[in-house]
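User: I am new to this structure and would like a friendly walk through it. Could you take me through a few questions?

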Amino acid sequence: MERIIDLDEAASVLARRTPGWQTAGLEVGGTTWRDAEAAWPQPLETDRDRVRDPDSLGVVLRGPAEAELHVVLFRGGWADVDFAAGPEDFGCLPASEIVSAADFARRTDLWVARVFGGTDDEGAGGRG
């Protein structure tokens with residue numbers, strides 16, 4: 001898989017936003033990593049040090065009324081983004097052609113706003 005996104009930079013994006021999300025009442029799950037070199041089926045790891053060649057990074061955010069956002073970013077420049085914002089409001093969000101960690105940051109802010117509504121702390125900790 002082509003390396004377009006530096007997943008360690010993307011993990012920093014998530015880490016910088018976590019305090020703001022938590023202040024806004026969201027629960028932020030631990031970051032998960034998948035190692036491209038691991039034997040199939042590739043396990044998800046929560047310890048970055050156990051992953052030699054990361055090819056994906058994931059996180060789950062939970063909010064009021066059982067709202068959830070699941071994001072898995074792939075180093076090839078796309079993400080799987082699934083959400084449930086309500087009983088009749090769920091599905092997948094478009095997430096292709098992500099070109100950098102800064103682009104991922106911008107899109108993550110949009111996804112969070114879409115699922116949980118605007119928060120005073122979107123992008124807390126700086127953009128990018």
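Predicted model: local features only at pLDDT ≥ 70, side-chain atom pairs only at ≥ 80, totals over all residues.

User: Which residue of β3 stands opposite W33?

Analyst: Strand β3 is made of residues 44–45, and β2 pairs with β3 in the antiparallel sense over two bridges. A charged neighbour is also found here, as R48 lies over the face of W33 at 5.1 Å from the ring centre. The residue standing opposite W33 in β3 is E45.

User: Is D55 buried or exposed?

Analyst: D55 is found in strand β4. Its contacts beyond four places in sequence include M1, R34, Q42 and F74. The relative accessibility of D55 is 5%, and buried means under 20%, so D55 counts as buried.

User: Why is the pair of F74 and W78 stacked?

Analyst: F74 is buried at 9% relative accessibility, while W78 is partly exposed at 34%. Their ring centres are 5.2 Å apart. Because the planes meet at 20°, and under 30 degrees counts as stacked, the pair is stacked.

User: What kind of aromatic pair do F104 and W111 form?

Analyst: Both residues are buried, F104 with a relative accessible area of 1% and W111 with 6%. Their centres lie 6.2 Å apart, with 65° between the planes. Planes over 60 degrees apart count as edge-to-face, so the pair of F104 and W111 is edge-to-face.

Definitions and conventions: Residues numbered from 1 in each chain as written. Heavy atoms only, no water. Pairing = 2+ DSSP bridges. Helix = DSSP H or I, 4+ residues; strand = E, 2+ residues; numbered from the N terminus. Buried < 20%, exposed > 50% of the residue type's maximum accessible area, 1.4 Å probe, protein only. Contact = heavy atoms within 4.5 Å. Phe/Tyr/Trp six-rings, centres within 6.5 Å; stacked < 30°, edge-to-face > 60°. Lys NZ or Arg CZ within 6 Å of the ring centre and 35° of its normal.
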